[in-house]
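Q: Please take a close look at a single part of the model shown here. A connected account, with the criteria stated, would be welcome.
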Number of protein chains: 2
Amino acid sequence: MGLRERKKEKTRLAILDAALDLFLEQGYDATTVEQIAGAAEVSPRTFFRYFSGKEHLALWYHDYGEAVMREALDSRPADEPPFTSLLHALRAVADDIQELTPEDAERFLKMRKVYEANPTLIGKAVGRAAETELRLVDAVARRTGLDPDESRLPYLVVAFAMSITRVGFECPRPEVTGVSDLAARLRETVDLAERVFVPGWDRP
Amino acid sequence: MGLRERKKEKTRLAILDAALDLFLEQGYDATTVEQIAGAAEVSPRTFFRYFSGKEHLALWYHDYGEAVMREALDSRPADEPPFTSLLHALRAVADDIQELTPEDAERFLKMRKVYEANPTLIGKAVGRAAETELRLVDAVARRTGLDPDESRLPYLVVAFAMSITRVGFECPRPEVTGVSDLAARLRETVDLAERVFVPGWDRP
DNA sequence: GTAATTTATGGCAGGGAGTGACAGATGACA
DNA sequence: TGTCATCTGTCACTCCCTGCCATAAATTAC
């Protein structure tokens with residue numbers, strides 16, 4: 001990796017960390033881009049080159065989570081029922097969270113606190129998740145050979161899987177003290193949900 | 001109803017209709033609040049007194065839908081399993097859509113077209129739905145006597161029900177030509193979903 | 001090592017969203 | 001009719017975000 005790329009990564013993290021600290025200190029809404037940029041020692045204009053906006057910061061781990069999930073999905077056998085595949089993908093996400101570097105884990109937990117203090121952010125995150133859903137529907141449709149214009153099954157399968165994700169992540173209590181807690185809760189929710197569907201419901 | 005209230009309702013609808021037409025004409029993003037206010041013959045400042053922003057316009061029917069759903073939920077027997085109650089509430093929403101006045105039905109369908117042309121709007125709508133979810137979780141927790149801090153069941157029940165709603169409304173094809181189509185599809189999705197859960201899964 | 005090229009950064013200008021404050025207009029009501 | 005409450009428009013302001021251009025830094029070629 002060249003000096004240029006390393007520098008970019010450093011600024012990206014500087015902005016992210018500055019933002020997280022400011023959010024926790026004085027609240028998400030009360031924090032301006034100008035402040036974040038100032039704390040990270042870049043110009044506001046540069047901030048927008050790294051992040052599309054304040055919201056983008058808050059959704060930082062979503063894009064990563066989606067990538068993990070889609071990779072995991074691709075690695076499942078093609079003839080597996082899609083819901084089963086998605087649940088495995090969710091477990092892969094849980095595993096991945098646990099393997100975050102200490103720095104990333106700290107960022108992750110800080111962001112979680114920001115979410116707890118700003119319920120409207122949850123809405124934005126869920127909105128972002130809706131876009132992920134559309135891509136997953138495509139993936140599931142391709143895997144099953146179903147046409148999403150004809151069958152509502154791919155939509156349902158994905159929507160249910162995302163519900164499980166959301167419930168696993170969102171529930172504020174009991175309090176989460178580390179990424180392991182969170183991973184455990186996600187796994188637990190997957191286990192719980194696994195038992196409530198009639199076997200084979202997700203087969204075309 | 002006094003003259004004052006009638007006038008307010010008229011302005012509200014004037015703004016809404018002006019916005020819908022502009023959205024369809026030149027796109028949601030390209031339409032400014034100033035234009036909407038101008039077309040509705042009010043000042044921009046007044047626009048913001050009626051709607052918190054452009055987004056609020058797009059979520060106009062959500063608040064109403066939530067109200068319908070919660071009323072329907074309240075009217076179900078308290079000892080009914082919560083998921084069953086929610087599915088009945090969804091059917092109530094479907095019934096309600098069908099009974100919209102022709103004017104409201106037209107607005108509803110126009111808004112749907114705007115959504116189709118602006119996928120990011122779906123995300124915002126889903127985000128709003130997330131707030132609805134939290135309120136429904138409370139309602140379900142109260143009905144079942146479950147503590148949402150202890151059991152993840154209320155969350156799951158509500159999240160699954162909302163998934164069904166979303167799938168029913170969102171799926172763009174086959175094309176929807178009237179509110180009856182939409183109501184039918186919602187009912188259809190509820191019927192489909194009803195069969196995929198193991199009986200009694202939602203009982204504490 | 002130096003020159004040429006690519007790429008990141010900062011500053012500036014400007015549009016659009018959204019809000020608070022105040023003055024004037026208009027319906028409500030005695 | 002006169003008083004009161006409420007709605008409306010104007011103004012000024014902050015913040016978000018983008019396009020544009022000049023500068024500075026890293027990369028590559030020579």
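Which atom of DNA strand D lies 2.9 Å from a polar side-chain atom of B:Tyr50?

A: It is a phosphate oxygen of DNA strand D that lies at 2.9 Å from the polar side-chain atom of B:Tyr50. The model is predicted, so local features require pLDDT of at least 70 and side-chain atom pairs pLDDT 80 or more, while totals for chains, interfaces and linings use all residues, and side-chain values rest on heavy atoms, without hydrogens and water. Residues are numbered from 1 along each chain as its sequence is written, with chains lettered from A and ligands numbered from 1 in the order of writing.

B:Tyr50 belongs to the 20 residues around DNA strand D, and those that come nearest are A:Arg45, B:Arg45, B:Thr46, B:Arg49 and B:Tyr50. A residue is near the strand if one of its heavy atoms lies within 4 Å of it. Of the atoms of DNA strand D that come within 4 Å of the protein, 52% are sugar and phosphate.

The backbone also takes part: an N or O atom of A:Leu3 lies 3.0 Å from a phosphate oxygen of DNA strand D. B:Arg49, by contrast, places a side-chain N or O atom 2.6 Å from a base nitrogen.

At least two residues of this surface come from each of α1 (3–26) and α3 (44–50) in chain A and α1 (3–26) and α3 (44–50) in chain B; helices are DSSP runs (H or I) of at least four residues. The most, four residues, comes from α3(B). By class, the surface comprises nine charged, six polar and five nonpolar residues, where Asp, Glu, Lys and Arg count as charged, Ala, Val, Leu, Ile, Met, Phe, Trp, Tyr, Cys and Pro as nonpolar, and the others as polar.

Definitions and conventions. Polar contact = N/O pair within 3.5 Å; in protein donor to acceptor, adjacent residues only side chain to side chain.
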